[in-house]
Amino acid sequence: MKKTIFYKKRKLFIDQIIDVLEKNEDYKRFVKTDERYKEMMERNDQLTIWGITFFDTYDNKGINKLVKGISKLNKGKYDVDLTLRPKRFKDLNYLNLQYDHTSTASLAKVKLLDDMFIREITSS
């Protein structure tokens with residue numbers, strides 16, 4: 001209960017700050033004319049993250065759940081390129097025995113259509 005109250009108050013506070021900044025003419029002039037602020041913003045525009053890698057292991061049941069979950073994603077929000085086929089009733093054996101741990105297979109490529117920060121997620 002307390003978390004939701006704090007969340008609502010925090011959201012209200014941030015919305016009020018944004019409203020004040022957007023309506024304040026002095027702040028708008030400062031942003032347009034201050035050289036130090038412009039340099040900082042140019043440096044921030046050059047910062048990008050090219051990719052983040054997470055590692056996890058699954059057994060066959062986990063892979064089956066993951067494939068079924070990816071196949072059920074909303075087509076309006078995600079462009080899904082799934083290389084494995086989901087089965088409705090029978091669990092498939094997706095994992096092959098590996099002796100040298102060198103093989104990886106592509107599982108899926110999910111493009112997020114509405115997200116402004118994450119372009120795509122690749123799973124293998």
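The model is predicted. The protein chain has 124 residues, of which 10% count as buried. Its secondary structure comes to 4 helices and 3 strands.

**Overall layout**

- Read from the N terminus, the elements of the protein chain follow the order α-α-α-α-β-β-β.
- Helix α1 covers residues 2-23, and helix α2 covers residues 25-33.
- Helix α3 spans residues 35-46, while helix α4 spans residues 60-71.
- Strand β2 takes in 108-112 and strand β3 takes in 120-123, with a loop between them.
- The protein chain exposes about 12,000 Å², and carbon and sulfur atoms supply 56% of that area.
- Among contacts in the protein chain with a separation of 6 or more, 47% are between residues 24 or more positions apart.

**Salt bridges**

- The count of salt bridges comes to 3.
- In helix α1, K11 and D15 sit 4 residues apart, which is about one turn of the helix.
- The side chains of K11 and D15 meet in a salt bridge, with an N to O distance of 3.4 Å.
- K11 is partly exposed because its relative accessible area is 44%, and the value for D15 is 33%, so D15 is partly exposed too.
- In helix α2, E25 and K28 are 3 residues apart, about one turn of the helix.
- A salt bridge joins the side chains of E25 and K28 at 3.8 Å, N to O.
- E25 has a relative accessibility of 48% and therefore counts as partly exposed.
- K28 has a relative accessibility of 35%, so K28 also counts as partly exposed.
- Helix α2 also holds R29 and D26, which are 3 residues apart, about one turn of the helix.
- R29 forms a salt bridge with D26, and their closest N and O atoms are 2.2 Å apart.

**Nonpolar surface patch**

- F13, I14, I17, I18 and L21 form a nonpolar patch on the surface.
- Together, these five residues, F13, I14, I17, I18 and L21, have about 410 Å² of accessible area.
- I17 counts as partly exposed because its relative accessibility is 37%, and a residue needs over 30% relative accessible area to belong to a patch.

**Negative surface patch**

- A patch of negative charge on the surface gathers E35, E39, E42 and D45.
- Of these residues, E39 is found in helix α3.
- The relative accessibility of E39 is 45%, so E39 counts as partly exposed.

**Pairs separated along the chain**

- G69 lies in helix α4.
- G69 counts as partly exposed because its relative accessibility is 37%.
- The C-alpha atoms of G69 and P86 are separated by 9.0 Å, and the two residues are 17 residues apart along the chain.
- I118 has its place in the loop between β2 and β3.
- With a relative accessibility of 40%, I118 therefore counts as partly exposed.
- I118 and I49 are 69 residues apart in sequence, and their C-alpha to C-alpha distance is 9.9 Å.

Notes. Residues numbered from 1 in each chain as written. Predicted model: local features only at pLDDT ≥ 70, side-chain atom pairs only at ≥ 80, totals over all residues. Heavy atoms only, no water. Patch = residues over 30% accessible without salt bridge, like charges linked within 9 Å, V, L, I, M, F, W, Y side chains within 5 Å. Areas by Shrake-Rupley, 256 points an atom, 1.4 Å probe, with all protein chains shown as cover. Salt bridge = Lys/Arg side-chain N within 4 Å of Asp/Glu carboxyl O. Helix = DSSP H or I, 4+ residues; strand = E, 2+ residues; numbered from the N terminus. Buried < 20%, exposed > 50% of the residue type's maximum accessible area, 1.4 Å probe, protein only. Lys, Arg positive; Asp, Glu negative; His and termini not counted. Charge placed at Lys NZ, Arg CZ, Asp CG, Glu CD. Contact = heavy atoms within 4.5 Å.
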